[in-house]
Amino acid sequence: MTAPNHLTAADAVAQLGTGALTAEALTRACLDRAEERRDVKAWIWLRPEQALVQARAADHAGRPGLLAGLPIGVKDIIDTVDMPTEHGSPIYRGNRPFADAACVALLRMAGGTIMGKTVTTEFANRLPGATVNPHNPAHTPGGSSSGSAAAVADFQVPAALGTQTGGSVIRPAAFCGVIGYKPSFGEFSRSGIKLQCHNLDTLGIICRSLEDLALLRAALLAAPPRAIDRGISVPRIGLCRTPVWDEAAPATHRLIESTAARLSAAGARVSEVSFAPPFADILQHHRRIFAFEAARNYAYEYEQHHDQVSQVLRDTLLTPGRQLPLADYVEAIETAEAFRAHLDDIFDDVDILLTPSAPGEAPKGLESTGGPNFNSIWTLAWTPCVTLPAGTGPSDLPLGIQFVGPRFRDEALFDAAAWVEARLS
């Protein structure tokens, strides 16, 4: 029999709904695992009794709602009225928001239990938090949604919320060997989430099955759940190496190319897809938007708490962002718009793109969370993305494959990912 904390979110909700499992039993199993594996350091705020009070309330009420008492982790840049929100920064130590973020309120409305707050890098940016990779503590879990990915991968919670401005959902999910989802830009509310870049920030989900994505997506949209269609016709797949293909490790090259070959053998029409020459430097435009907007959205922290902002954040992002000419930012915004239109044309001929989730396995060391370039392209594009676990690399750490779909066709992306998953299993 599967231990409660090893259940996927969808399977757990099914058992909660029938009464085969109680919210308290599930939450307690997750808390026990989190205590047993404290050395993963996935949580910045976890009070067992507070989580259990919520679970007991769900049981007492008959486990109503779409989520039926499901425990969920929440990244610590997302406001929670009953828990501190500290943004990975000493500036906000002990900070108590006056309200839940919209996403947290929606999860509670759907019957979810907010189990605790997961570790984030400083302001969801470069400076790592304390979390380690649950598969090997000498390696990074990725970032900035470090704690969310590690907690889900380590069976400490069935699902968790993350955010992505560059690669902060997809990359840590891939490094930790779980499923990550960045939706189409604008689909999920960002109200109550610490704003870094208003043209890039996106709320995302980290979990362990595609059915989990459909379930959590419905809760976050306050919409009826839609079952994943695993009987779709064969998708058209574009193999997109991207302009940064040379940054990928040999194991990633082999993984992406062998995946394309296997899917072609399974009947998919696989074709090579490249960006038009004007977009060969598209990552420079992502970086300009990132720096310009972050420098202004963190004006208070930079001016009033300058010495409590890490030097790496000041030197690599905020100071350069202040120095960036407005004309360069406007050019980047305009190029991003043209790039999205270019991708719309590409998606006339393919249903999904196959591309790396990350350069390779999680790098050794905890000083960096790894390179985001295979994600930042798609964050700028506003396209939905899903990463699926795809075996291990030379250090026996997880590898992922990323699938990208057209904007606002997230559910079709889930269906296509399910088709792929079935052919690769």
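Predicted model: local features only at pLDDT ≥ 70, side-chain atom pairs only at ≥ 80, totals over all residues.
Start with the helices. Two packed helices are described by the angle between their axes and the distance between the axes. Helix α1 covers residues 9-18, and helix α7 covers residues 210-221. Their axes lie 7 Å apart, at an angle of about 65 degrees. Angles of 65 to 115 degrees count as roughly perpendicular, and α1 and α7 are therefore roughly perpendicular to each other. On the α1 side, Ala9, Ala10 and Val13 make the contact. On the α7 side, Glu211, Asp212, Leu215 and Leu216 take part. Five residues of this contact are nonpolar and two are charged.

The crossing is left-handed. From α7, the contact uses Leu210, Leu213, Ala214 and Arg217. From α14, it uses Asp410, Glu411, Phe414, Ala417, Ala418 and Glu421. By class, the contact of α7 with α14 has six nonpolar and four charged residues, with no polar ones.

Next comes the pair α2 and α3. Helix α2 spans residues 23-36, and helix α3 spans residues 48-60. Their axes come within 8 Å and cross at roughly 160 degrees. Angles over 145 degrees count as roughly antiparallel, and α2 and α3 are therefore roughly antiparallel to each other. This crossing is right-handed. Ala23, Glu24, Thr27, Arg28 and Leu31 represent α2 in the contact. Pro48, Ala51, Leu52, Ala55, Arg56, Ala58 and Asp59 represent α3. Seven of the contact residues are nonpolar, one is polar and four are charged.

Two residues from that contact lead on to a pocket. Leu31 and Pro48 are contact residues of α2 and α3, and both also line the second largest pocket. This pocket holds about 310 Å³ of space. Other residues of its lining include Ala34, Glu35, Arg37, Arg38, Lys41, Trp43 and Gln156. Helix α2 gives the most to this lining, with three residues. The lining has six nonpolar, one polar and five charged residues.

The largest pocket has a volume of about 430 Å³. It is lined by 25 residues. Closest to its centre are Arg126, Arg171, Arg287, Gly370 and Pro372. Helices α9 (282-297) and α13 (373-381) each supply at least two residues of the lining. Helix α9 gives the most, with four. By class, the lining of the largest pocket has seven nonpolar, 14 polar and four charged residues.

Finally, look at the backbone. Most residues other than glycine have a negative phi, and most peptide bonds are trans. Two places in this model depart from that pattern. Glycine 143 and serine 144 are joined by a cis peptide bond, with omega about 10 degrees. Serine 144 sits in the loop between β3 (113-118) and α5 (146-153). Histidine 87 has a positive phi, near 60 degrees. This histidine 87 lies in the loop between β2 (71-75) and α4 (102-109).

Definitions and conventions
Residues numbered from 1 in each chain as written. Heavy atoms only, no water. Axes fitted to C-alpha atoms, helices over the stretch in contact; angles between N-to-C directions. Parallel < 35°, antiparallel > 145°, perpendicular 65-115°, else oblique. Left-handed = near helix turned anticlockwise from the far one by under 90°. Contact = heavy atoms within 4.5 Å. Nonpolar A, V, L, I, M, F, W, Y, C, P; charged D, E, K, R; others polar. 1 Å grid on protein atoms, 1.4 Å probe; cavity = no way out; pocket = protein on both sides within 12 Å on 5 of 7 lines; lining within 4 Å. Points joined across faces, edges and corners; volume = space filled by probe spheres on them.
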